[in-house]
Amino acid sequence: MLDLFIHILVPVAIFMFIAIFTLFAVYAERKIAGFVQDRLGPMETGKYGSLQTIADILKLLQKELITPFLADKILFRVAPIVIFVAIFTGFSVIPWSHNFIPVNTHTGLFLIMAVVSIDAIGILMAGWGSNNKFSLLGAMRAIAQMVSYEIPVGLTLITAVMLTQSLNLNDIATNQGILATEEIKFLGIWSIKNVGGVLAWNIFQAPHMIVTYIIFFIATLAECNRAPFDIPEAESELVGGFHTEYGGIQFAFFFLAEYAMMFLVSMLGVVLFLGAWNTPFPNIGSIRLADWTTGFGWGIFWTFFKSLFLVGIQMWIRWTLPRLRADQLMNLCWKVLTPLAFLCMAISAIWRILVIT
Amino acid sequence: MVFKIAFHALKTAFKGLSLTVKHLFGAQKARQELDITKDHYFDNQTGIATVQYPKVKMPIPEVARYQLDVEIDDCIVCDLCAKACPVDCIAIEAIKSPEVIGKTSDGSVKRLYPARFDIDMAKCMYCGLCTVVCPTECITMTDQYDRSSTKLTDLIYGFSDMTDDQVAQRKSEWTKFQAEKEAAKLK
């Protein structure tokens, strides 16, 4: 009975988190956009416009659900749910703190890759079901983009997994700090298990991991259709892309999915490369900074803080760089990111055999 | 080749990103000077550019070209402004008077009553041609610009100060005068 209760409570908690995070992130995004462009952003609703997103969601909830006359009714209605559920499920295998993980499975990373890919099907359903040429164009662009960028993402994940020798995200997270169960080395030379901190993160365990992380970051940016890779929704050319015909709560679900995806890929990057819930402060002699800042609460804090920082960088990039053209997008993926990711994977293999053994 | 492209892309992206982050943290203060007539206006333009309009207003020049205003006592109802208007937003109806009504402030003689003097500000394109042709300079552009309204008809400004009774009375006076003149001619 308690088990059943927990099984219900955990998804509800994650959903609540996604909803609150989205409200907060949309407000933050609009403020950042304003400041970057020397504007103020929302100012009228509440103090400094802080209630703006709540007003927005209340408006969306009250709106009528309109289905276009010639739309494929079933696909049209199911698409937002498919997209949201695909990303929502991804949260189930990501650790928040030491041994604090919704589902501790041995193939967590594989599950995320498999489940998040379903997102692409949902977008195609939305685009096709809308029976609108802009939606269909947006959906086709999204599919081309997401399927292409799955490759560099997959390769960078393999690069990391080759070093960690595990697909279990809980184990990967644990082996990047002072609580590690295996021998870990800074750049493969200096045993760092008792020092911990930023030096023990995966990104510093081998020299090519920094490049790998940059590839991963760029590719995941494209995976979640964020600018500068937002050609699926390109407002200036496609109206709204695949969600042109949606309104009300269905549109809200697309928005939830987009921001949940941002947080999910940031969290995945944090778990795989940036030390997960481990503290960035190392132990220096008798000053046990790492010991002091490790614990259950600290773990949640670090995961949350690092992920939010990465989400902030994503927003910063969105309001800086202009959108890539479709052919430039494919060029970047196939001619730059994929070869570099392959190279990193090869280095990882050699590193594993020659340095770590 | 790949490395060269990747390095170049990262370098240029970093350049752009450092520019925007400068603006992000520069947003702590607003720009210092709003009045363009002041010296050093262009030196004080860093920071937030937004002016939160109804609460804060931009200073405007004294001789501004915003909403039209008519000093109806100075108007000789010559209809020149209505003829000059490119969008025909001025509607004037005149009633002739048997004798001289009075003089305007610059000495022109008034012989017509303005039964109707309406300006549709929704049509007005603020060219100022009506103010140029006015012989008595009674139609002017003011520094008023905030006259938003929820009703379109609120934007038709009526400047005539005559009541319906007065209009009817002046009309009957004129017809009576004409009738008397006709009668005098027939004799």
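Trainee: Is Phe263(A) buried or exposed, and what is its relative accessible area?
Mentor: This is a predicted model, and every value here is computed from it. Buried means under 20% relative accessible area. Phe263(A) falls under that cut-off and is buried, with a relative accessible area of 1%.

Trainee: Which kind of aromatic pair do Phe263(A) and Phe304(A) form?
Mentor: The ring centres of Phe263(A) and Phe304(A) are 6.2 Å apart, and the planes make 50 degrees. Planes under 30 degrees apart count as stacked and those over 60 as edge-to-face, with the rest tilted. The pair of Phe263(A) and Phe304(A) is therefore tilted.

Trainee: How many residues apart are Phe263(A) and Phe304(A)?
Mentor: Phe263(A) belongs to helix 10 (residues 248-272) of chain A, and Phe304(A) to helix 12 of chain A. The pair links distant parts of the chain. The two are 41 residues apart.

Trainee: How many aromatic pairs are found over all chains, and of which kind is the pair of Phe17(A) and Phe304(A)?
Mentor: A search of the whole structure gives 35 aromatic pairs over all chains. For Phe17(A) and Phe304(A), the ring centres are 5.9 Å apart and the planes stand at 65 degrees. An angle over 60 degrees counts as edge-to-face, so this pair is edge-to-face.

Trainee: Which parts of chain A does the pair of Phe17(A) and Phe304(A) tie together?
Mentor: The two residues are 287 residues apart in sequence. Phe17(A) lies in helix 1 (residues 2-36) of chain A and Phe304(A) in helix 12 (residues 296-318) of chain A. The pair therefore ties together helix 1 and helix 12.

Trainee: Which residues form one aromatic cluster with Phe263(A) and Phe304(A)?
Mentor: Phe304(A) is partly exposed, at 31% relative accessible area, whereas Phe263(A) is buried. Both belong to one aromatic cluster.

Trainee: Which residue forms a salt bridge with Arg226(A), and where does it lie?
Mentor: Arg226(A) is in the loop between helix 8 and helix 9 (235-238) of chain A. Its salt-bridge partner is 197 residues apart in sequence, with the closest N and O atoms 2.9 Å apart.

Trainee: Which residues are linked with Glu29(A) in a network of salt bridges?
Mentor: Glu29(A) also meets Arg318(A) in a salt bridge of 3.6 Å, N to O. Arg318(A) lies in helix 12 of chain A, 289 residues apart from Glu29(A). The network links Glu29(A) with Arg226(A), Glu258(A) and Arg318(A).

Trainee: How many of the 15 residues of helix 8 of chain A are buried?
Mentor: The buried residues of helix 8 include Met209(A), Tyr213(A), Phe216(A) and Glu223(A). Helix 8 is largely enclosed by the rest of the structure, because the number of buried residues is 11.

Trainee: How far apart are the end C-alpha atoms of helix 8 (residues 209-223) of chain A?
Mentor: At 1.5 Å a residue, the 15 residues of helix 8 should span 21 Å. The value in the model agrees with this. The end C-alpha atoms are 20 Å apart.

Trainee: Which strands stand at the edges of the open sheet of 3 strands in chain B?
Mentor: The strand order is 2-5-7, with antiparallel pairing. Each edge strand has a single partner strand, so one side of each is left without a neighbour in the sheet. The edge strands are strand 2 (90-96) and strand 7 (156-158).

Trainee: Which residue is the bridge partner of Asp118(B)?
Mentor: Strand 5 (residues 112-120) and strand 7 of chain B pair in the antiparallel sense over 3 bridges. The partner of Asp118(B) is in strand 7 of chain B. It is Gly158(B).

Technical notes. Residues numbered from 1 in each chain as written. Chains lettered and ligands numbered in written order. Predicted model: local features only at pLDDT ≥ 70, side-chain atom pairs only at ≥ 80, totals over all residues. Heavy atoms only, no water. Helix = DSSP H or I, 4+ residues; strand = E, 2+ residues; numbered from the N terminus. Expected span 1.5 Å × (residues − 1). Buried < 20%, exposed > 50% of the residue type's maximum accessible area, 1.4 Å probe, protein only. Pairing = 2+ DSSP bridges. Phe/Tyr/Trp six-rings, centres within 6.5 Å; stacked < 30°, edge-to-face > 60°. Salt bridge = Lys/Arg side-chain N within 4 Å of Asp/Glu carboxyl O.
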